Amino acid sequence: MFASNDKIVLSLVNIKSFNNIYLDCSYTLPAEIPENILNNIGSIDVFEYHEGTINNGFVAFSIYVGEKSTLDELITSNKKILINDNTKIEDLNKPILYRIKDHKIIIMNELRENDIVVHNKEELQEIIKIISIESQKIKDSIKRVRTLNS
């Protein structure tokens with residue numbers, strides 16, 4: 001991280017529409033996503049890539065547009081509950097992502113510990129802006145540490 005040629009890059013990848021279709025785009029942070037793309041985003045993976053002595057990358061967390069709850073809490077509602085194809089729920093009390101469509105609750109997937117759920121495109125845009133700003137602060141801090149030996 002602190003070697004002179006090391007790089008850390010955060011990217012927005014695996015961008016899917018609300019219909020779970022991959023959109024043909026990705027963005028390196030900091031990023032401004034065009035309005036026509038932003039309107040269609042249902043989920044985004046935030047990919048962390050380290051380049052240096054060892055090169056590796058991984059999906060750090062995901063950002064979803066929808067609602068967050070547990071299956072146990074949703075069962076008490078008066079709405080019909082549908083589970084999306086290939087969705088596995090291991091624990092009734094584990095956080096899940098759901099969306100409401102045609103007065104039905106559609107469970108999309110289980111959430112991981114660091115995943116973020118936003119309610120709309122404005123919140124999505126704000127979260128991307130915050131992550132962009134904070135990732136730039138980290139890069140700037142690393143640059144300052146590298147210059148300490150000068």
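Start by selecting Glu35, which is partly exposed, with a relative accessible area of 39%. Keep in mind that this is a predicted model.

Glu35 and Lys121 form a salt bridge, and their closest N and O atoms are 2.4 Å apart. Glu35 sits in helix α1 and Lys121 in helix α3, so the pair ties together parts that are 86 residues apart in sequence. Lys121 is partly exposed too, at 25% relative accessibility.

The structure holds four salt bridges. Go to another one: Glu110 with Lys94, where the closest N and O atoms are 3.5 Å apart. Glu110 belongs to strand β8 (residues 104-110), while Lys94 lies in the loop between β6 (80-83) and β7 (95-101). They are 16 residues apart. Glu110 counts as buried at 15% relative accessibility. Lys94 counts as partly exposed at 33%.

Next, select Glu134 and Lys137. Their side chains meet in a salt bridge, 3.3 Å from N to O. Both residues lie in helix α3, three residues apart, about one turn of the helix. Glu134 is partly exposed at 38%, and so is Lys137 at 44%.

Finish inside. The largest nonpolar core has 19 residues. Select Leu12, Ile33, Ile41 and Leu124, which touch the most other members. Colour β1 (7-17), α1 (35-38), β3 (41-51), β4 (56-65) and α3 (121-146): these elements give two or more residues each to this core.

Zoom in on Leu124. What does Leu124 touch, not counting residues up to four places away in sequence? Look for Leu38, Ile41, Ile44, Ile63, Val65 and Val118.

Key:
Residues are numbered from 1 along each chain as its sequence is written. This is a predicted model: local features need pLDDT of at least 70, side-chain atom pairs count only at pLDDT 80 or more; totals for chains, interfaces and linings use all residues. Side-chain values use heavy atoms; hydrogens and water are left out. A nonpolar core is a set of buried Ala, Val, Leu, Ile, Met, Phe, Trp, Tyr and Cys residues joined through side-chain atoms within 4.5 Å. Buried means under 20% relative accessible area, exposed over 50%, partly exposed in between (1.4 Å probe, protein chains only). Helices (H or I, at least four residues) and strands (E, at least two) are DSSP runs, numbered from the N terminus. Contact means heavy atoms within 4.5 Å.
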